[in-house]
Amino acid sequence: MSFAEIPFYQGPFQFLCRYVEVQKALKRAVDADGFWILRLPGVLGMAVGQRLRKLRRSYAVELVGDPQEILKPGVAGSPFTRPLLRPWLVRGTRVACYGAVGVSYVSHLVLSERYPASNGAEIEYYSSINLPSERFVSEARRYQPSILLVRILTVGSLEYRAKGVDVLLRACAILHSGNVPVSLEIVGEGILRRELEKLARSLGISDVVRFVGHLPHDDVFSRMDQCDLFVLASRSEGLPRVVVEAMARGVPVIGTSVGGIPELIDVEFLAPPDDAAALADLICKVVSSPETLSTMSANNLGRALSYAASELTMRRERFYRAILARSE
C-alpha cells in the first residue's frame, strides 16, 4: 500500500480554487503502475476514474453510497451548491460504474439499478461491515407483557440532518402526549446536538430524552443490549452498519424506507422519511405487542448472519480475485 498526497481542500469552493494543483497530484498518482479500485461516490474517485479511462486502463468500483440520496434537500449540502453538485456527482458516478471492469454495491436494490455496470462486468454485493462471531448474541429475545417503560435507542452522527433525529424527537413527543411510556437515548455527536437538545426541551420531552455523545464501539453494543427498540429515522442512507449491528444483538429495529434500509427491515416496520406521526404510530403499534417484538428479534438475528465477517470476507475476496484477473 502506498499513499499519494493531495492538496488539502474543504468544500466545493476550495476545491475549485485548488483544482489545478489537485489534478496535477492525481495525474502523478494515476500515471504510476497499479490497478485501481475507486471507492465512490466522491470527487477524487471520479477524477481518478476519468484519468484512467483516458489512459484506457482498467479499474473497479466499490459503490458505498448514493449521491442522489446524500445530496437530497434537507440532508446535506448548501441550497446554493446542491443543484449543481447533485446532478454532476450522479452522472459522474454512473459513468465511472459503467466504465469499470467490476462493481461491488453496498446494497442490492437501488444502487445497481441507478448506477449499472456494463455488460460482462464483474458484479458483487458486500458492505464494509465487519461483524465477528462474538458480536452476535446466541439467541433471540423474548419480550414479556410487563414492559413498563420502552427504552428506544438511536445511534448516528449529529453533523448532518440525514439521520432524522429531529423527526424521532417529534415522534417521541407524540407518543409522550399519548401516554405511551417511552424513553429515548441518542448516541452520537455533532454540530446539531445543541439544536436538537433545544428541540427536545421545546417539545417538553427533555426528561425522557438523553444525549450521551460519542461512545466507544464496545459501549454502543452495551447500549444496544440494554434497549428495547432501535429506531433509525434517516432521511438518507446507504446500507446502515448500525442497523446490522443492532440486529446482530437481537434488537427489534424500526427504520425509514430510504436507501438500503428496506433490504434489512421488513416493509411493515418501515415508516416514510420526515413523517413523525407515521413513525410514532409504528412505534406504538410495535411496542404494544410483546409477541411482535419477540418475532422481530428472532428475524433480525437470522438476517444479520448474512453480514457476518466470514461471509462478507468471502464475497470481497472473490470480487478482488475476479477483477485482478481482468487487469492482467
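Let me start with Cys97, which at 0% relative accessibility counts as buried, where buried means under 20% relative accessible area, exposed over 50% and partly exposed in between, with a 1.4 Å probe and protein chains only. Please keep in mind that this is a predicted model, in which local features need pLDDT of at least 70 and side-chain atom pairs count only at pLDDT 80 or more, while totals for chains, interfaces and linings use all residues. Residues are numbered from 1 along each chain as its sequence is written, and side-chain values use heavy atoms, with hydrogens and water left out.

Cys172 is buried too, with a relative accessible area of 3%, and its sulfur lies 12 Å from the closest cysteine sulfur, that of Cys284, which is too far for a bond. Searching the whole structure gives zero disulfides, a disulfide being a pair of cysteine sulfur atoms within 2.5 Å.

Now the sheet: six strands, in the order β7-β6-β5-β8-β9-β10, form an open sheet with parallel pairing. Strands (E, at least two residues) and helices (H or I, at least four) are DSSP runs numbered from the N terminus, and two strands pair if DSSP finds at least two bridges between them. Within it, β5 (residues 150-155) and β6 (residues 182-187) pair over six bridges, with Arg151 opposite Ser183 in β6.

Helix α7 (residues 165-177) packs on this sheet, touching β5, β6, β7 and β8, where contact means heavy atoms within 4.5 Å. The direction of α7 makes about 165 degrees with that of β6, given axes fitted to C-alpha atoms, for helices over the stretch in contact, and angles from 0 to 180 degrees between N-to-C directions.
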